[in-house]
Amino acid sequence: MSEPEFKAVGKLVVIGLGLIGGSVSAGLRQRHACQEAIGIVRDQANAALALERGVVDRACLSLQEVAAELGEGDVIFVAVPTLAIESVLRDIHALVSPEVTVTDGASVKGSVREAAIAAFGEVPSNLVLGHPIAGSEQSGVAAANPSLYQKHRVILTPEPSTGAAHIARVTALWQALGAEVLSMSVSEHDEVLGATSHLPHVIAYSLVDTLAHDIGNPNIFRYAAGGFRDFTRIASSDPIMWHDIMRANRGAVLHSLDKFVDNLLRLRDGIEREDGEYLLGVFTRAKAARDHFTRMLAGRTLKDSAALTPIKFRVVAGAPLQGRLRVPGDKSISHRAIMLGSLANGKTTIAGLLESEDSLATLQAFRDMGVVIDGANNDATGEERVTIYGVGLHGLKAPQKPLYLGNAGTSARLLSGILAAQTFSSTITGDASLSARPMGRIIEPLSSMGANIHSESENLPLTFAPAERFAAIDYQLPLASAQVKSCLLLAGLYADGVTRVRESQVTRDHTERMLGGFGCQVTRCDEGWLAIDGGSELQACHIDVPGDFSSAAFFIVAASITPGSDILLEHVGVNPSRTGALDILRLMGADIALLNEDTAGGEPVADIRVRYRQLQGISIPPELVSRAIDEFPALFVAAASARGVTELSGAAELRVKESDRLANMAAGLKALGVSVDTHADGLRITGSAMQGAEVDSAGDHRVAMALALTGLCCDGAVTVDHAECIASSFPGFVAQAKQLGITIEAIDC
Ligand code: S3P
């Protein structure tokens, strides 16, 4: 006997067979995902058209004709214009069994909720409000497209009282159409859509209307080229539908429209005053934000970073470094802000988030688990912000596909602590470098908490299945690793009992600090134990991400080794658990001062002034290693340009970073004529004159940037191959290096 075909829904009744409703019906029919598709249409002509186009199996002129046939498992999809919904809901209330699932596709949810309360006296448990983020400027049943929702998002806005079986049925309906289903509250939905969809429609309609009528030149559209067409496409949308939407979401639309008008007037003023700086500021910020969206929309972080356009750096010695700048946001803090913001209750805003391949991979992973994250918005100060609509500790959704984390080790290890505790299964994958990095260090303690993790030889991909029990443990870290510590603290949020971890060496404490900012205290107990209570809820907050000390370190070394240099790096994170490199460079004789010391988002920040001074080789104190772990590639370049010998030991961990940094830095420096002895856990570097040569980053972002610095003190040019990998942490490296006066070119290969 053959298996019965799986049907996402029983009978589907679509009330209002326009583009939205017609596409649902046509899509489910085409995929055989409903028993029968019935359309309720206005007139015979539409009925005939819908049947002829294969949009429905049956067309009726009123709900009454089919209401008695419907029961549990069947779905009514309401797709009439927003302001007509109330009367349709009244009909449903009067005619249809409460076992039938009812859903809608309107662009505004607050007004539909009000309509439901007016019609039913409450939002009934079988009504699941929803909104597909898809459409086109075309309308009517003739525009119905069975693939309209494929790879698009659908937002559901269920109430606490909405029945789980009804939500599951509506979710299955959209998934059968190839859509990704997310959920958020009605008010969040209307605020987000008011700004990102309704406002652009207002602007497009108004622009075309202005050109067509107010400017009054009949020839004007003759000369309108592609830009005009792209920008105003949505002004061809259905006027009735948009009239309804503007009225239904009046408050949120006015709010974003006021902000827009304000901004436009300031721009007008800037043009009138010929204020070039202002105009460039607006245009540059807007371009960056738009590029960011384009990348996010195209899912660029879903690709292997090897797919970035290959480039080489070419660096030659030149003038001293001068000037001031702010390096991009801290990578470690950015990962954590995305994670904790996603798990918090409420809306977290982040200023200064790093937009690099690694942090965008984390961002994408949480979006893949249903978290709504809005890209760079400008706040009142013009600063870019990312907004995360947190789903709470237990609100993540099962991802539809493996979570691809590219090159991002921190993301893989911290996220593992979260995924191990979920009630759904998931898999994480990464690029070739990440797939070779050791994961046993997190698999072992997470497994002793009860996690169910599958891997081949303790490498990615890792697959997490729901744990039967997830219990707190006491864990003494066998190695210095903030990633392992953080992984266990995050897992501890979900464990029964109090999870305790103890480290033998100081490692970065951003997780502990940031958890405190989200209202969850990590307690410091006797003998260095850190403790976190299972079940602690996180409350949304604002995070100000300071500049990344690890990115600043390249310029700190660059200025320290280039005679005559004097630079200021503004608002850099100087958390003492990160600044071992400052101590090491000062021991080597560097001239570094911290100015304007302050705190931002619970993290110490300062401006760092660096002036050139001849460096001396040293034996690096072992207790500084874990606090300088990411800066060794740059420090090896400082050592190569110093007088005498610099020795490092106790740093075997450098062999399992994004690449084997001991081997790859030794190879690069040797190619330039530096004498380097390599040991299992360190290097011995004798400072000397260097000759330009071609060297290789081995696909490691920090090796690429460190080797670029050698060009500052080489006789002849240094070329660094495979330099595109810097996008992991510092995509703007070349532009900022040039700004400080470094002679560097990125050459497309
Ligand atoms: C990081 C911790 C360090 C560091 C990495 C970022 C973090 O790794 O090398 O670049 O954000 O927690 P380990 O914890 O493996 O030492």
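Author: The buried residues of H17 are Ala482, Gln483, Val484, Lys485, Ser486, Cys487, Leu488, Leu489, Leu490, Ala491 and Gly492. Buried here means under 20% relative accessible area, exposed means over 50%, and partly exposed is in between, with a 1.4 Å probe and protein chains only. Eleven of the eleven residues of H17 are buried, so the helix is largely enclosed by the rest of the structure. Helices (H or I, at least four residues) and strands (E, at least two) are DSSP runs, numbered from the N terminus.

This is a predicted model, in which local features need pLDDT of at least 70 and side-chain atom pairs count only at pLDDT 80 or more, while totals for chains, interfaces and linings use all residues. Residues are numbered from 1 along each chain as its sequence is written, and side-chain values use heavy atoms, with hydrogens and water left out.

The N-terminal end of H17 is capped by Ser481, which has a side-chain oxygen 3.2 Å from the backbone nitrogen of Gln483. A polar contact is a pair of N or O atoms within 3.5 Å; within protein, one must be able to donate a hydrogen and the other to accept it, and residues adjacent in sequence count only if both atoms are side-chain atoms.

Gln483 is also among the closest of the 13 residues that surround the ligand, together with Ser332, Arg336, Asp630 and Lys657. A residue is near a molecule or strand if one of its heavy atoms lies within 4 Å of it. A polar side-chain atom of Ser332 lies 2.6 Å from a ligand oxygen atom, and for Lys657 an N or O atom in the side chain is 2.6 Å from an oxygen atom of the ligand. The ligand has 390 Å² of accessible area on its own, and the protein covers 95% of it; such areas come from the Shrake-Rupley method with a 1.4 Å probe, and for residues only the protein chains shown count as cover.

Helix H17 (482-492) is one of the elements that give two or more residues to the shell around the ligand; the others are helix H12 (331-343) and helix H14 (409-419). By type, the shell divides into three nonpolar, four polar and six charged residues. Ala, Val, Leu, Ile, Met, Phe, Trp, Tyr, Cys and Pro count as nonpolar, Asp, Glu, Lys and Arg as charged, and the others, Gly among them, as polar. Domain 3 (311-325 + 550-748) and domain 4 (331-544) both give residues to this shell, so the ligand lies between them. The domain bounds come from an automatic or database domain assignment.

Four strands form an open sheet with mixed pairing, in the order E15-E16-E18-E17; two strands pair if DSSP finds at least two bridges between them. Strand E15 (403-404) and strand E17 (452-456) stand at the edges, each with a single partner strand, so one side of each is left without a neighbour in the sheet. Strands E16 (residues 426-429) and E18 (residues 459-465) run antiparallel and are joined by three bridges, with Ile428 opposite Leu462 in E18. Strand E18 also contains Pro461, and the peptide bond from Leu460 to Pro461 is cis, with omega near -5 degrees.
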